[in-house]
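Subject: Structure handover

Hello,

Here is the structure I said I would pass on. Please open it and keep it in view while you read the notes below.

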Amino acid sequence: MIDGPNYVLVLLGVLGTGLVAGVFCGFSTFVMRGLAALPPAQGVAAMNAINRAAVTTAFMLVFAGSAVLCAMIAVVTFVVWPDEGKTELLLGSALYLFGSFGLTLVANVPRNEALAGLEPGTPEAASYWPAYVREWTRWNHVRTLASAAAAVVYVLALS
């Protein structure tokens, strides 16, 4: 059984990965659908505003802080190598670090940067917008599932 400081570390991992899964789920289930329903110029402008507003201390503490927690959990698991829960702890860490945090860096952020470089209302922005919504949302579904799965697997490690 996981106890002491390791228990608290994993419990914080559950909380962080679960919170991130909730944010991503909101985007996948209604935010992106609402933005896609707007005319392209309005959708591009709104998404660019959202992307700028997302880089707040609170969100970055949860998003990047969860990555740090997951890395710490993985390291502690390798060092302590508990009898129970080691597979779940390593799997949960990998799911979040690669399937959520890493995927954000290689799939969603580059699309956000490309969108930010377009002027809303231009033909270039209008032609990029449908592909952006489709691709960004597809990768966001993966991030949502990876974050939620990490939280579930961490809970299983605690049980």
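Helix α1 (residues 4–36) packs against α4 at an angle of about 35 degrees, and the two axes are 12 Å apart. On the α1 side the contact is made by Val-10, Thr-17, Val-20 and Phe-24, and on the α4 side by Leu-89, Tyr-96, Ser-100 and Thr-104. Sorted by class, that contact has five nonpolar residues, three polar ones and no charged ones. The crossing of α1 and α4 is left-handed. Please bear in mind that this is a predicted model, and that the values here are computed from it.

Now the chain as a whole. Its secondary structure comes to five helices and zero strands, so the pattern read along the sequence is α-α-α-α-α. The C-alpha trace spans about 60 × 25 × 20 Å along its principal axes. The chain has 159 residues, and 39% of them are buried. If you take the contacts with a separation of 6 or more, residues 24 or more positions apart account for 81% of them.

Next, the charged side chains. How many salt bridges does the structure hold? There is one. It is formed by Glu-135 and Arg-111, whose closest N and O atoms are 3.1 Å apart. Glu-135 lies in helix α5 (residues 123–158) and Arg-111 in helix α4 (residues 86–116), so the pair ties together parts that are 24 residues apart in sequence. Are the two partners buried or exposed? Buried means under 20% relative accessible area. Arg-111 has 19% relative accessibility, so Arg-111 counts as buried. Glu-135 has 24%, and therefore counts as partly exposed.

Asn-108 lies in helix α4. Its relative accessible area is 1%, so Asn-108 is buried. Which residues does Asn-108 touch, not counting those up to four places away in sequence? They are Leu-103, Trp-136, Trp-139, Asn-140 and Arg-143.

Gly-26 is found in helix α1. At 11% relative accessibility, Gly-26 counts as buried. The C-alpha atom of Gly-26 is separated by 9.2 Å from that of Thr-144, although the two residues are 118 residues apart along the chain.

That is everything I have for now.

Regards

Conventions
Residues numbered from 1 in each chain as written. Predicted model: local features only at pLDDT ≥ 70, side-chain atom pairs only at ≥ 80, totals over all residues. Heavy atoms only, no water. Salt bridge = Lys/Arg side-chain N within 4 Å of Asp/Glu carboxyl O. Helix = DSSP H or I, 4+ residues; strand = E, 2+ residues; numbered from the N terminus. Buried < 20%, exposed > 50% of the residue type's maximum accessible area, 1.4 Å probe, protein only. Contact = heavy atoms within 4.5 Å. Axes fitted to C-alpha atoms, helices over the stretch in contact; angles between N-to-C directions. Left-handed = near helix turned anticlockwise from the far one by under 90°. Nonpolar A, V, L, I, M, F, W, Y, C, P; charged D, E, K, R; others polar.
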